[in-house]
Amino acid sequence: MSSKPGIYEPKNILITGAAGFIASHVTTRLINKYPSYKIVALDKLDYCSTFKNLQSCTSSPKFKFIKGDIASADIVNHILIEEEIDTIMHFAAQTHVDNSFGNSLEFTYNNIYGTHVLLEACRVTNCVKRFIHVSTDEVYGETDLETDIGNHEASQLLPTNPYSATKAGAEMLAMAYHRSYGLPILTSRGNNVYGPNQYPEKLVPKFILRAMKGEKLPIHGDGSNVRSYLHCGDVAEAFDVILHKGVIGQIYNIGTQKERSVLDVAEDICKLFELNPKEVIEFVQDRPFNDKRYFLNDQKLKQLGWEERTPWEEGLKMTIDWYKKNPDWWGDVSTALNPHPRFSAINLSDELAQWSFQYGYSRLVRSFTEIGRSNSGLKFLIYGRTGWIGGLLGKLCDEERIAWEYGKGRLQDRKSLMEDISRVMPTHVLSAAGVTGRPNVDWCESHKVETIRTNVVGTLTLADVCREHGLYMMNFATGCIFEYDKEHPLGSGIGFKEEDKPNFTGSFYSKTKAMVEDLLKDYDNVCTLRVRMPISSDLSNPRNFITKISRYNKVVNIPNSMTVLDELLPISIEMAKRNLRGIWNFTNPGVISHNEILELYRDYIDPQFKWENFNLEEQAKVIVAPRSNNEMDASKLKNEFPELLSIKDSIIKFVFEPNKKT
C-alpha cells in the first residue's frame with residue numbers, strides 16, 4: 001500500500017484546525033511558498049484558535065476559510081466534494097493535557113470521533129490522495145531518564161493520560177483505514193512546539209505572559225520533567241517536507257535531541273526578563289500524572305531533508321518579542337494563566353455539538369475569505385443556540401463579520417439575562433429561543449406550563465431587560481396564529497396583514513405566541529418577525545418543512561405562506577442593522593401548496609417519489625392539535641426589500657436548484 005518516495009504535488013488542500021497554533025503556521029507557510037495551491041482552512045474557532053492567526057492569508061485568492069466542526073459529517077463531505085480536495089492535513093484536536101483530566105470525554109469526542117468522521121468522509125468520497133494525520137510524541141508514553149535512545153516510529157504506544165490516549169486511539173483508526181480501505185495515510189508525532197500565536201495555556205506563553213504581568217511562574221511538581229522544544233517555524237517546515245516527500249503508510253517523528261527541564265525553561269525566561277528566578281518561580285501541586293520525559297529518534301525525517309534550524313535562545317527571544325508586541329492577541333486569558341486551569345476544553349457547548357448532530361450541514365454555513373474587525377462596531381447577543389434558526393444566525397454573523405455570542409442565561413431568569421448583557425455588551429439582541437414542541441406542537445398540549453414559561457414569560461422578560469438597557473431586540477416569532485376566514489378566504493390572494501388580530505386558537509403553542517406578540521406591541525425596542533413553515537436548502541434537516549412532508553405517508557394539500565431561510569435570514573440581519581421595529585410578516589410573497597412542493601421535489605430530487613393526499617378531517621385523526629393554514633401579506637417586507645422573491649421562485653432558487661439530482 002505504500003508508494004515509493006518522490007515529490008508529491010497537491011492541488012487542493014484541506015487543513016483542519018487551521019486557526020490553531022501549529023496549523024496556522026503551516027497554512028501561512030504553504031500560502032506564501034506555494035501560491036498555486038488552493039488552501040481550504042476548516043476550524044470551529046474554539047477557545048484556543050482565532051482567525052487572527054490566519055489574517056495574513058486572506059490576501060491570497062487561493063485561500064478559503066470555513067467555520068465548521070470536523071465532527072459534522074455533512075460539512076466534511078460537502079467540503080471534500082465541493083472544493084475537490086485531494087489532500088488533508090489533519091491538525092484539529094483538543095491538545096492540552098491539564099484540561100484532559102477534567103474533560104476527558106470532550107477529548108474523546110474531538111480527537112477520536114472527529115478523526116473517525118474525517119476518515120469515513122475520505123472513504124465515502126474517495127477523492128483524497130494524501131492524508132496527513134497529526135499526532136504527538138505523548139502516544140509513546142514516558143521515556144526512561146537514563147536512556148539516550150529516543151523512541152523510533154515503530155516503538156510501542158503506551159499513553160499515560162486521557163489526551164495522549166485519545167491521540168493514540170485516533171492513530172489506530174487512521175492506520176485501520178489505511179490497511180482496510182487503502183486510505184493514503186501518513187502520520188506525524190511531534191515534540192513540544194513554541195512560538196508566536198500560541199494560546200497561553202501552554203508552558204512557554206503562559207510563563208511569558210505571567211512574567212509580563214509581574215506574576216510568579218508556577219511549576220508543577222519539582223520542575224525536573226524534561227521536554228524537547230521546537231520552534232513553530234521549524235515545525236511548519238517539517239510538515240512541508242512530509243507533505244511533499246513523505247511516503248504513504250509511514251510515520252514520521254518531528255523532534256529534536258536538545259532537551260531542557262521545565263525549571264530550565266522558567267529560568268531562561270527569567271533571564272530574558274531580567275528577573276530573579278528564586279523570587280519569581282513557585283512550585284505548585286503536580287498534575288495527576290506527569291510524564292518525566294518524551295524523547296524521540298528524529299532520523300527518519302532528517303533523511304527526507306529536514307533539520308532543526310532555530311536555536312532555543314533565538315526562538316525564545318523572538319517569541320517573547322512577539323507577545324510583548326501583541327499582549328492582547330487572545331483577549332482575557334486569566335483563566336488559562338492559572339497554575340491549574342479548570343475549564344471546558346470546548347468553547348462551543350455540548351448543546352452546539354448536539355446541534356451539529358441533529359441538523360447537520362446547511363448551505364447557510366458559507367465560506368469566506370476575509371474577516372476583519374467587527375462590522376461597524378456591531379455585536380449581537382443571540383438566544384436559541386440549540387435551535388435551528390439560532391444556530392444559523394451565528395454562522396451568518398460570521399459571514400458578515402459581525403461580532404456575536406450566544407446567551408448563557410435562561411429567558412425566564414432575569415438575573416442571568418442581565419449577566420449576559422453585562423458580559424457581552426451587545427448592540428443588538430436576537431432571540432430565536434422558544435418552545436415549539438418535541439417533535440411538534442402536539443407536545444405543547446400536554447406541557448402547557450413549560451410552554452408558557454419560555455414562550456410568554458421568557459420572551460417578555462428578555463424584552464423588558466433589553467428595554468431597560470436601551471437595547472434593540474429582534475424576536476423570531478411565528479405566523480401560525482392565523483387561519484383562513486371569510487375576510488381572508490382560501491385562494492383569494494388576500495393575506496393577513498401585520499395589524500390583523502390573530503384568529504387561530506387551535507393549538508396551545510399558537511395561543512402562547514399570539515399572546516406574547518400582543519404584549520410585545522407595548523415595547524418600542526422590539527422587532528417581531530413572523531416566520532412560517534421554515535424551509536432551507538438542507539434537506540437532511542428534520543425541521544425543514546420540505547423534509548417533513550416528503551417523509552409523511554399522507555399530506556394535506558393546502559396553500560400556505562412559508563419562509564425560505566436561505567433568503568430571509570440574511571435579510572433579518574440587515575433589518576437588525578437598520579434597527580427596524582414593529583411586527584413584520586417574515587415570509588416570501590405569495591403561497592404554495594403542499595402538492596406543488598412535492599411535485600418540485602419529484603422533478604428535482606427523486607423522479608420515483610410518490611405521495612398520497614388526505615383532507616383536514618382525516619388529518620385531525622392523527623394529530624392532537626389542529627394546524628394553522630393561512631396566507632400572509634408580505635408587502636411590507638417586499639417594499640423594504642424589493643428584491644425579495646416569491647415563495648415558489650425562492651424555493652426553486654435556494655432549495656431545489658442547489659440540490660438538483662442529475
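Where is the place of Ser537?

1. **Ser537.** This is a predicted model. Ser537 has its place in the loop between β17 (526–531) and α18 (545–551).

2. **Ser492.** Ser492 is found between β16 (472–478) and α17 (508–520). Ser492 is partly exposed, because its relative accessible area of 33% falls between the 20% and 50% limits. Its side chain reaches the backbone nitrogen of Ile494 at 3.1 Å. In space, Ser492 lies 9.2 Å from Glu631, C-alpha to C-alpha. In sequence, Ser492 and Glu631 are 139 residues apart.

3. **The largest core.** The largest nonpolar core has 42 residues. Those with the most contacts inside this core are Ile15, Leu30, Leu54, Phe63, Met89, Phe239 and Leu301. At least two core residues come from each of β1 (12–16), α1 (21–33), β2 (38–43), β3 (63–67), β5 (130–136), α7 (232–245) and β10 (251–254). Helix α7 supplies the largest share, 8 residues.

4. What is Ile15 in contact with, leaving aside its neighbours within four places in sequence? The list is Ala23, Thr27, Leu30, Ile39, Val40, Ala41, Leu42, Met89 and Phe91.

5. **Aromatic pairs: the tyrosines.** The whole structure holds 17 aromatic pairs. In one of them, the ring centres of Tyr177 and Tyr181 are 4.9 Å apart and the planes meet at 55°, so the pair is tilted. Both residues lie in helix α5 (residues 162–181). They are 4 residues apart, about one turn of the helix. Tyr177 counts as buried, at 7% relative accessibility. Tyr181 is partly exposed, with a relative accessible area of 47%.

6. **Aromatic pairs: the tryptophans.** The rings of Trp322 and Trp329 have centres 5.1 Å apart. Their planes stand at 70°, so this pair is edge-to-face. Both tryptophans are buried. Elsewhere on the list, Tyr194, Tyr229 and Trp312 are linked into a cluster by ring pairs.

7. **Charges over rings.** Two of the rings above also have a charge to consider. Which residue has its charged end over the ring of Trp329? Lys52 does, 5.5 Å from the ring centre. For Tyr181, the charged end over the ring belongs to Arg123, at 5.2 Å from the centre.

8. **Cysteines.** How many disulfides does the count come to? The count is 0. Cys397 counts as buried, at 0% relative accessibility. Cys480 is buried too, because its relative accessible area of 17% is under 20%.

Methods:
Residues are numbered from 1 along each chain as its sequence is written. This is a predicted model: local features need pLDDT of at least 70, side-chain atom pairs count only at pLDDT 80 or more; totals for chains, interfaces and linings use all residues. Side-chain values use heavy atoms; hydrogens and water are left out. A nonpolar core is a set of buried Ala, Val, Leu, Ile, Met, Phe, Trp, Tyr and Cys residues joined through side-chain atoms within 4.5 Å. Buried means under 20% relative accessible area, exposed over 50%, partly exposed in between (1.4 Å probe, protein chains only). Contact means heavy atoms within 4.5 Å. Rings of Phe, Tyr and Trp (its six-membered ring) pair if their centres lie within 6.5 Å; planes under 30 degrees apart count as stacked, over 60 as edge-to-face and the rest as tilted. A charge sits over a ring if NZ of Lys or CZ of Arg is within 6 Å of the ring centre and within 35 degrees of the ring normal. A disulfide is a pair of cysteine sulfur atoms within 2.5 Å. A polar contact is a pair of N or O atoms within 3.5 Å; within protein, one must be able to donate a hydrogen and the other to accept it, and residues adjacent in sequence count only if both atoms are side-chain atoms.
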